[in-house]
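Here are a few notes to read alongside the model. Have it open while you go through the points.

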Amino acid sequence: MGNRREITRREFFKEAGTAMAFASAAAAGLSSIHSASWGAEGTSKDALVLGAGLSGLAAAYELKKAGFGVTVLEARTRPGGRVLTYRDPFADGLYAEMGAEYVDAADEYDHRYCKEFGLKVMTAKVYDAIFVRGKKYKMSEFKANKEALPFQGTQPGVLFGQEALYLKKLLDQVQNPDQLPEEILKLDNLSVAQLLAEQGAPADVTALYTYLNATESTARPEEMSALSMIKGNLHHSDFSEVQDEGRILGGNDQLPKSFARALSDQILYRKAVRKIAHGTDGVEVWFEEEGKISSIRAPYLVIAIPFKVLRDIEIVPEFSQEKMNCIRTLAYGHVMKLAMQYKTRFWDQSGSLGQRVFTDTKLRRIYHMSLDEPGPRGILMSFTSGEDAEKLGAFDESERLKIAVQEATKVWPEAPEFFEGGATKYWNDDPWIKGSYSFTGVGQERDSLQIAQKPEGRVHFAGEHTSVFRASMNGAIESGVRASSEIISLF
Ligand SMILES: Cc1cc2nc3c(=O)[nH]c(=O)nc-3n(C[C@H](O)[C@H](O)[C@H](O)COP(=O)(O)OP(=O)(O)OC[C@H]3O[C@@H](n4cnc5c(N)ncnc54)[C@H](O)[C@@H]3O)c2cc1C
C-alpha cells in the first residue's frame, strides 16, 4: 500500500484555512502528488476502500481474492454499517436487528455469501394482520371475505398495489418495460402524490400508500418520484403483503463479521475520512483519528460510504458536475427501529390479532422478532419511517419506548402488563449515515443510478445507493462486487 504521512489536526485545518484557501491548498497538494512518488504506485495492484459496510467489505474481499493489496478505512469500531444486531440490552439470548433485517428468496448476493461463510437463512413469517384507522383485520379473513379497507377508492381484499387502478392508462402505454416511452420517463418530474392526484385517485389512496410502499422507501409520497412508482408496478418488484422474507439465523451481524474476519488487519477502524484527492496516477485520502490527521495513497480507490456523508467530505478536484450533483442531492429517508422486550409472547395467544401486523400507528410495521428463540420472553419490533420516524426521533429513548408501548397497546391491549424494556435506533442521528437509505426523489429515477455508479478516473463507487438493488444488503454486496470487478478488469 502507498505512502502514509501524518500531520496534526491543527496543521490540517491551518493548511485548509478558509474554504477557498483549503481548496487551493488541496489542489496544490494534489499536484505534488503527481510529481512525487506515484509512478510505481500507479501500476501496482493496491486499492483503498472507504467504509466497512457490506458494500466496502464485499469490494475488499473480492479484491483480496484477486491478489490485490487492500486497506479499508472505517470510521466506527465495528464492521457492518447499517447491519446492526443488538444483543446486550436483552435477556435470555434474545437479539434485535436494529438495521437491515430481511433477506428475500431472490437476494442472490446475500445467499451466495451466506453459503460461502456457512450462515443459514431462516424463513420469517408473513404478515398476518392489518390495523388501520382503528380497524383490525386478520389477513386470511380480509383476503377470503374480500373485506374493504376504511380508505376511499381502494379495492377490497388487497392491501398493496391500490395505486395500479389509477395508473392503468399509463401502464397500458408501455409495450416493453425495459424501453419506456418518453411520456412515461417524463413522469420522473412528478411526485407519487402529484401523479396519483392527476390520475383521479382519491386522497385516501395516497394516504394508504404512505403506510405501504412509502414506508418501505422511508419517504413521503410527496417526495418520491412518480416514475419509480410506475416502474415498481411494471416490474412487480415492489414489496407487498405476500413477500417471501428470511433472516440470517442467529443474527444478521454474522455476515459483515464473516467478511471482516477474512480481511482481518486490512481493516483500519476509527479512521474517519475527511478529504479525498485524486489524479491520473492515483489517490490520496486524509483521515482523522483522535485529533490527528494522516493520509494514505493508493493507485485505486473504492468509495463505499453513503452519499449523505460523502457530501461533507472535501473532494479535490471535484468529480464531474453530474456526479457532484448526485452526491449532494440524492434523496435519503427517515427511519427508526424500536425493539420492545416482553415477559411473555401474548401475540401468540388465541384471540390475538396476529404476530406481524401492518399498521398506520406511529410504529407502522410491528412484528415478533424472536422467531429463532424459544421464549417465553420475546421482542416485538417496530420498523417506522418517514414523518413518524422523524417525530419519534425528537424524543429521548425512554420517551420513545413509552410511546411505543402505548401504540402497541392499540393492537394488543394486554401489552403494557408484560413490557420489560427495550432499545431504539434512529438512523438519522447516526453521524456515519445521517439517514435511512437512498430512494429516488422527484427527478432522480431517470439517471441517478447510472451517475452514482460511474467511475471517476481511478475512483470507483460502491454502496446500496449505486446498486440496481437499492436500499438492501443484497444491493450493497452486489455494488461491492461490481466495483471490485471494475478494478480487477484493468489488469
Ligand atoms: C432501519 C433499516 C432497515 C433496513 N432493512 C433492510 C432489510 O430488511 N433488508 C435489507 O436487505 N436491507 C435493509 N436495509 C438496508 C441495508 O442496511 C443497507 O442497504 C446496507 O446495509 C448498506 O450497506 P452499505 O455498505 O452501502 O452502507 P453502510 O452499511 O452504511 O456502510 C457504510 C460504512 O461507511 C462508514 N463511513 C461513513 N462515513 C465514513 C467516513 N467519513 N470515514 C470512514 N468511514 C465512514 C460507515 O461507518 C459504514 O460502516 C435497512 C437499513 C436500515 C437503516
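1. First, the pairing rule: two strands pair if DSSP finds at least two bridges between them. Helices (H or I, at least four residues) and strands (E, at least two) are DSSP runs, numbered from the N terminus. Keep in mind that this is a predicted model: local features need pLDDT of at least 70, side-chain atom pairs count only at pLDDT 80 or more, and totals for chains, interfaces and linings use all residues. Residues are numbered from 1 along each chain as its sequence is written.

2. Now the open sheet: it has 3 strands in the order 6-10-7, with antiparallel pairing. Strand 6 (103–104) and strand 7 (121–123) are at the edges with a single partner strand each, so one side of each has no neighbour in the sheet. Strand 6 is joined to strand 10 (residues 245–248) by 2 bridges, and D104 has E245 as its bridge partner.

3. Is helix 4 buried or exposed? Of its 12 residues, 10 are buried (20 or more other C-beta atoms within 10 Å of a residue's own, C-beta atoms being placed from the backbone), so the helix is largely enclosed by the rest of the structure. Those buried residues, among them Y61 and E62, pack against strand 2 (46–50), strand 3 (69–73), helix 13 (254–263), strand 15 (300–303) and helix 20 (473–488). Just after helix 4, G67 has a positive phi of about 90°.

4. A75 sits in the loop between strand 3 and strand 4 (85–86). A75 counts as buried because it has 20 C-beta neighbours inside 10 Å. Its C-alpha is 8.6 Å from that of L268, 193 residues apart along the chain.

Technical notes:
Two residues are in contact if their C-beta atoms, placed from the backbone, lie within 7 Å.
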